[in-house]
Amino acid sequence: VQLQASGGGLVQTGGPLRLSCAASGRTFSSYVMGWFRQPPEKEREFVAALHWSDSSTDYADPVKDRFTVSRDNAKNTVYLQMNSLKPEDTAVYYCAARRQFYHLSSANRRSEAYDYWGQGTLVTVSS
């Protein structure tokens, strides 16, 4: 499994940005795709997760109602649409994957649950 994250950049407070995670090497219908971020000098934290089979989603409280995770089957790509960005959203964002036949659970909020990781993409929100 290979994951390629892209779409990071510099954006002003309140602006939007869309991250992409292109996946290859498998059929991902039974995979959970996760987004995590690591702010400067802080630990990696959960952002969102999507189960590829039914597009069920889960979000961390700080991003709920502002971020949306979705998938494009034809492109084997998962997106993280980020709206109303805040300076505290500044971080390196990572996508991750794990094979999972059951529904999303709280375990999907832990980075240790994921087997595959893409390289990070830096998002900087200016105040």
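Select Ser 84, in the loop between β8 (77-82) and β9 (91-99). This is a predicted model. Check the backbone: phi of Ser 84 is near 50°, a positive value in a residue other than glycine. Most residues other than glycine have a negative phi. Now show the surface. Ser 84 is partly exposed, because its relative accessible area of 40% falls between the 20% and 50% cut-offs.

Next, select Ser 55. Look in the loop that links β5 (45-51) and β6 (56-59). Here too phi is positive in a residue other than glycine: the value for Ser 55 is near 60°. Ser 55 is partly exposed, with a relative accessible area of 31%.

Zoom out and colour by secondary structure. There are eleven strands and zero helices. Trace the chain from one end: the pattern reads β-β-β-β-β-β-β-β-β-β-β.

The spans are about 40 × 30 × 25 Å.

Switch to contacts. Of those with a separation of 6 or more, 58% come from residues 24 or more positions apart.

Colour by burial. Buried residues make up 44% of the 127.

Finish with the charges. Select the 14 positive and the 12 negative ones; their mean positions lie 5 Å apart.

Terms used
Residues numbered from 1 in each chain as written. Predicted model: local features only at pLDDT ≥ 70, side-chain atom pairs only at ≥ 80, totals over all residues. Heavy atoms only, no water. Helix = DSSP H or I, 4+ residues; strand = E, 2+ residues; numbered from the N terminus. Buried < 20%, exposed > 50% of the residue type's maximum accessible area, 1.4 Å probe, protein only. Contact = heavy atoms within 4.5 Å. Lys, Arg positive; Asp, Glu negative; His and termini not counted. Charge placed at Lys NZ, Arg CZ, Asp CG, Glu CD.
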